[in-house]
Amino acid sequence: MSARKQAVLDAIDAANRQDPTIEDGQPAALLYGQRMSAELDRLFPDASDPLQIAARGQHVERWKLARSEYPEGRTGYLTWRKAQAEHHAEIVMGLMEQAGYSKDEAESAGRMLRKQGIKRDDEVQALEDVICFVFLKWYFAPFAEKHSAEKIQRIVEKTARKMSGDGRARVLSEFNLPEHLAAAFQV
C-alpha cells in the first residue's frame, strides 16, 4: 500500500475513532469503515485508490450531522443524506489532497461519495454495491427487527434497484433471503 493511501485511511480512521456511538465494542463509524474496506476488497480486489478511500470514508464523521437536526419525513431524510454525502466528500477530498493525491483523484472519490453517476460510472456503482452488501450483511437483520414487513419489503426493493446486475446476482448466491425478499434481486 502506498504511503499516501495509508495516510488517508489512517486519517479517516482517526476521525472515526471519535464517534461516540459504540457498536461491538468499537466506535460505530470506525467499524463501518473497516467493514466497507473488507467488503470492497472481497468484491472488487483491484479497486483504484480513490474507490478504496471512498469506501473507507463513506461514513466519516457521520455523527456530526445528526438526523434529528433535519425535518421529519422523507424530504428531511433526503436532505440529511445529501448533506452527509457532501460532508463525507469534503473531508475525504481534503485528506486526499493533503496526502498528495491530485485534485482529479480527490474529485473522483468525491463523486463516488456524492453518488454522482450511479448506474453510469463503474466506480460509483461499485461503491454502491459495496454499501448494499455491507447493509445486508451487518445491518439488515437489526433494522428488520424494528420495522414492519411492508417497510422491510420497500427497503429491500430500493436496495436492489440501486445495485448492479452482478451485485444483485451475488446477493442471491450469497444470502439466504426469504423468497418474497429474494424476488427483488432477480436479475
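Me: Which residues does serine 164 touch, leaving aside those up to four places away in sequence?

Reply: Serine 164 touches Lys119, Gln125 and Asp129, where contact means heavy atoms within 4.5 Å. The model is predicted, so local features need pLDDT of at least 70 and side-chain atom pairs pLDDT 80 or more, whereas totals for chains, interfaces and linings use all residues. Residues are numbered from 1 along each chain as its sequence is written, and side-chain values use heavy atoms, without hydrogens and water.

Me: What makes the pairing of the side chains of serine 164 and aspartate 129 a polar contact?

Reply: The separation is 2.5 Å, and a polar contact is a pair of N or O atoms within 3.5 Å, one able to donate a hydrogen and the other to accept it (neighbours in sequence count only through side-chain atoms on both sides). The value therefore falls inside the limit. The side chain of serine 164 also reaches the backbone nitrogen of glycine 167, at 2.9 Å.

Me: Where does serine 164 lie?

Reply: Serine 164 is in the loop between α7 and α8; helices are DSSP runs of H or I with at least four residues, strands runs of E with at least two, numbered from the N terminus. Serine 164 is also among the residues nearest the centre of the second largest pocket, together with Phe44, Asp129, Asp166 and Gly167. That pocket is lined by 14 residues, and α6 and α8 (165–174) each give two or more of them. The largest share, 5 residues, comes from α6.

Me: What makes such a space a pocket?

Reply: On a 1 Å grid over the protein atoms alone, a pocket is an open set of points where a 1.4 Å probe fits, with protein on both sides within 12 Å along at least five of seven lines; lining residues have an atom within 4 Å of a point. The largest pocket has 44 lining residues, and closest to its centre are His59, Arg62, Tyr77, Trp80 and Arg81. Its lining draws at least two residues from each of α2 (28–43), α4 (73–98), α5 (103–114), α6 (122–145) and α7 (149–162). The largest share, 10 residues, is supplied by α4.

Me: Why is glutamine 18 called exposed?

Reply: Its relative accessibility is 58%, and exposed means over 50%, buried under 20% and partly exposed in between (1.4 Å probe, protein chains only). Glutamine 18 therefore counts as exposed. This residue is in the loop between α1 (3–16) and β1 (22–23). Its C-alpha atom is 7.9 Å from that of glutamate 61, although the two residues are 43 apart along the chain.

Me: How is the packing of α2 and α3 described?

Reply: The angle between α2 and α3 (residues 49–56) is about 145°, and their axes are 7 Å apart. Axes are lines fitted to C-alpha atoms over the stretch in contact, and angles run from 0 to 180 degrees between N-to-C directions. Residues making the contact include Gly33, Met36 and Leu40 of α2 and Leu51, Ala55 and Arg56 of α3.
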